[in-house]
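Dear colleague,

Here is the structure I promised to pass on to you, and my notes on what was found in it follow directly below. Please read them with the sequence and the coordinates open beside you.

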Amino acid sequence: MQDGEQNKKKLADSEDDLGFWNKPSLFTPESRLETLRHVEKQRKDQERLREKKKKVKPPRTLITEDGKALNVNEPKLDFSLKDDEKRNQIILDLAVYRYMDTSLIDVDVQPTYVRVMVKGKPFQLVLPAEVKPDSSSAKRSQTTGHLVVCMPKVGGVIASGQQTSKPVKCTPDSSREQTNKRSKPTEKLEVDPSKHSFPDVANIVQGETHVPRRVRSEPKIIPSEEDPDFEDNPDVPPLI
């Protein structure tokens, strides 16, 4: 019945439209205004039909009925998720538009997922580990404009470059042994100096000391007093 009524209305409208356009016009200002009003009425009727035909999109499902969060990227933005083991945190780098106002971004960090609303479009990502929402932070990069969200993990230990000492279980027996070790005097080894000797490096090569030729002095010839022909003349200089 409803379809029949709609068809009747369409036929009646089409007949009225044909009758209006086939009616002779007087080309007066009043007739022109009447034509414009008829065209405006047709345009509004068409817009109403289009709005009815438009399919209303169902709302995006972010969390299922079982309570499981889904991965959603409606704004179609590039992103990277990094697990920083040294600082024990998860870092999300979302490539939002550089010149977009920060007031159009809304960040919601939950223990198991993070949700970012960019101009009303949801971006949701499930995290690989549980995080602390209260200790998380979000900031914009001054160079690229990306949104960087740092989320510390739950129940982790921040690793440093130095090795951490492992906890040792303390028992009464072990504490007694430690006190006994501290009370005992330290024993030192005594070395007999007579049995300990160092090699003489200076006398490793034994032999005649080498004197340079220029420095070596020639042996002086001393005449013996037993020579009967020896006469000592003081005016004569020595031969050397």
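Glu-47 and Arg-43 both lie in helix H2, where they are 4 residues apart, about one turn of the helix (helices are DSSP runs of H or I with at least four residues, strands are runs of E with at least two, and both are numbered from the N terminus). Their side chains meet in a salt bridge with an N to O distance of 2.7 Å, the term being used for a side-chain nitrogen of Lys or Arg within 4 Å of a carboxyl oxygen of Asp or Glu.

Please keep in mind that this is a predicted model, in which local features need pLDDT of at least 70 and side-chain atom pairs count only at pLDDT 80 or more, while totals for chains, interfaces and linings use all residues. Residues are numbered from 1 along each chain as its sequence is written, and side-chain values use heavy atoms, with hydrogens and water left out.

Arg-43 also forms a salt bridge with Glu-40, with the closest N and O atoms 2.3 Å apart, and so Glu-40, Arg-43 and Glu-47 are linked in a network of salt bridges. Because Glu-40 and Arg-43 are 3 residues apart in helix H2 (residues 29–53), about one helical turn separates them. Glu-40 is partly exposed at 33% relative accessibility, as are Arg-43 at 39% and Glu-47 at 36% (buried means under 20% relative accessible area, exposed over 50%, and partly exposed in between, with a 1.4 Å probe and protein chains only).

Elsewhere in helix H2, Asp-45 and Arg-48 are likewise 3 residues apart, about one helical turn, and they form a salt bridge whose closest N and O atoms are 3.9 Å apart. Asp-45 is partly exposed, with a relative accessible area of 35%, whereas Arg-48 counts as exposed at 53%. The count of salt bridges by this rule comes to 6.

Two residues deserve a look for their backbone angles. Most residues other than glycine have a negative phi. Lys-76, in the loop between strand S1 (72–73) and strand S2 (79–84), has a positive phi of about 55° although it is not a glycine, and Lys-76 is exposed, with a relative accessible area of 73%. Asn-88, in the loop between S2 and strand S3 (89–94), also has a positive phi, near 55°, but Asn-88 counts as buried at 12% relative accessibility.

With kind regards
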